Amino acid sequence: MIASQTVESLREIVGDENVYSDKAHLRAYSYDATRTYYEPDAVVFPRDEEDVSRILTYCNHHKIPIVPRGAGSGFTGGALPASGGIVLGFEKHMNKILEIDRENMLAIVQPGVVNKDLQRHVEAMGLFYPPDPASEEYSTLGGNVSENAGGMRAAKYGLTKDYVMALRAVLPNGDVIRAGKRTIKDVAGYNIAGILTASEGTLAVLTELTLKLIPKPRYAKSYMGIFPDVEAAMNAVFKSLAEGANPVAMEFLDALVVRAVKAKLGIELPEEAGALLIGDVDGNVPEELDFQLEVLENSFKENGAQEFRVAEDPKEREKLWKGRRGASPSITMYGSKKLNEDISVPRSLLPEALKRIYAIGEKYGLVVPCFGHAGDGNIHVNVMVDGSDPEELEKGHKAIREIFELVVEMGGTLSGEHGIGLSKAEFMNLAFTPAEMELFHRIKHAFDPNNILNPGKMGL
């Protein structure tokens, strides 16, 4: 609990209307998509970078925890004030698109800008910002950078880190730094922008982002491959890419998810569908799309696809994608609580990985529907349990640990896009050696010696 004098000092910095310690605000900023609750002691809305600097200077001196927060849409507790202290919210003031530089194809934005708002803004100008997390309609770009968000288009266009050219940030002692440049090439000094990307707010507070844009492709089409089982679909993923396919997205739904979206959403899908691959192709000439679709169709059918569909108009595209978008809410039919982990493995190992993941589910008597971004090897594994049954919850957590052990053994990673936060912190020692963890601790200490920024996250 912070002293009342602290609240008054913060009000002197940002004004009465930007500091709240009432129960309603504390509750509203106590949770994220994990549905875990930790109340802060106060919520503060900085108006600009100078406010951020003064707040951090004060909190660093008094050793008050600070948790930067975008929209609170994360799945691993990265924005939860687990140690109390102050939540720093950016959506109220620092939410502006500052510049679109068409000549150099970049955007300069504040951290509170919503992802989809930037996409719409630049697409009206014939430009394109590809990162598209599922939360794009409400997640903020500061949060996207802090978590290195992915999305469905990552198979072709990469992750958020691939579009961060430069940023401004405030260190815990109040110093303002610039990292990176507006230039395409920059190899002077350490890659501080790269270190701060995916740092989950543990090293510095981001105040301005310079993001790369690309030309918007003129044409796009959607496709669906229907397979008899998961193994056939997973083989089609890496083999079609090896044959030269370069889809924007290649999303995977297993038989459990297919059954759920049919039951919950009433989507018409073949009874025999054991797995689906859904995606987009794009390009600047129709022939480019035709080539991509031909490669995909041939490769899918060579690997057991029962059917290959192409949507010819927006209405058909929407119909194909409806099932993928509804996958996450639909699988709640299998359990009241979803232990959702976004593991990633080399694409060629997807068939084996899923086979072994299902075996772990069977070992514990749990249903494990899987879906996600098969095009880049990133699968959302959902261990479904009865949240009111402590024994079943314990089984679910044991299954998750075995899944992580399996993934690391196969050369994969604990997270493809959700980050580590609180929920995966205990598993960091599975993926990293003691020497590597010590290096992480030293980097944290170099930036934040008093450990005020998002303490307890990432196993630090």
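**Reading a predicted protein model**

Q: Between which strands does the loop with Met 105 lie?
A: Helices and strands are DSSP runs, numbered from the N terminus (helices: H or I, at least four residues; strands: E, at least two). Met 105 lies in the loop between strand S5 (97-101) and strand S6 (106-109).

Q: What kind of model is this, and how are residues numbered?
A: This is a predicted model, in which local features need pLDDT of at least 70 and side-chain atom pairs count only at pLDDT 80 or more, while totals for chains, interfaces and linings use all residues. Residues are numbered from 1 along each chain as its sequence is written, and side-chain values use heavy atoms, with hydrogens and water left out.

Q: What is the phi of Met 105?
A: Met 105 has a positive phi of about 55 degrees, although it is not a glycine. Ala 198 also has a positive phi, near 75 degrees, and is a residue other than glycine. Ala 198 sits in the loop between helix H7 (192-196) and strand S10 (205-212).

Q: Is Cys 59 buried or exposed?
A: Start with the cut-offs. Buried means under 20% relative accessible area, exposed means over 50%, and partly exposed is in between (1.4 Å probe, protein chains only). Cys 59 has 0%, so it is buried. Cys 370 is also at 0% and counts as buried. Met 105 has 24%, so it is partly exposed. Ala 198, with 29%, is partly exposed as well. Of the 460 residues of the protein, 55% count as buried.

Q: How many disulfides does the structure hold?
A: A disulfide is a pair of cysteine sulfur atoms within 2.5 Å. The structure holds zero.

Q: Which residues does Arg 324 touch?
A: A contact means heavy atoms within 4.5 Å. Residues up to four places away in sequence are not counted here. Arg 324 touches Met 152, Glu 251, Leu 253, Ile 278, Phe 371, Gly 372, His 373 and His 380. Arg 324 belongs to helix H11 (residues 314-325). At 7% relative accessibility, it is buried.

Q: Where is Val 44 found?
A: Val 44 is in strand S2 (residues 42-44). Its relative accessibility is 0%, so it counts as buried. Beyond four places in sequence, the residues it touches include Leu 10, Ile 55 and Gly 89. Now compare sequence with space. Val 44 and Ser 21 are 23 residues apart in sequence and 8.9 Å apart in space, C-alpha to C-alpha.

Q: Where is Lys 337 found?
A: Lys 337 is in strand S16 (residues 337-344). With 32% relative accessible area, Lys 337 is partly exposed. Among the residues it touches, beyond four places in sequence, are Val 383 and Leu 393. The C-alpha atoms of Lys 337 and Val 87 are separated by 27 Å. Along the chain, these two are 250 residues apart.

Q: How many helices and strands are in the protein?
A: There are 16 helices and 18 strands. Along its principal axes, the C-alpha trace spans about 70 × 60 × 45 Å.
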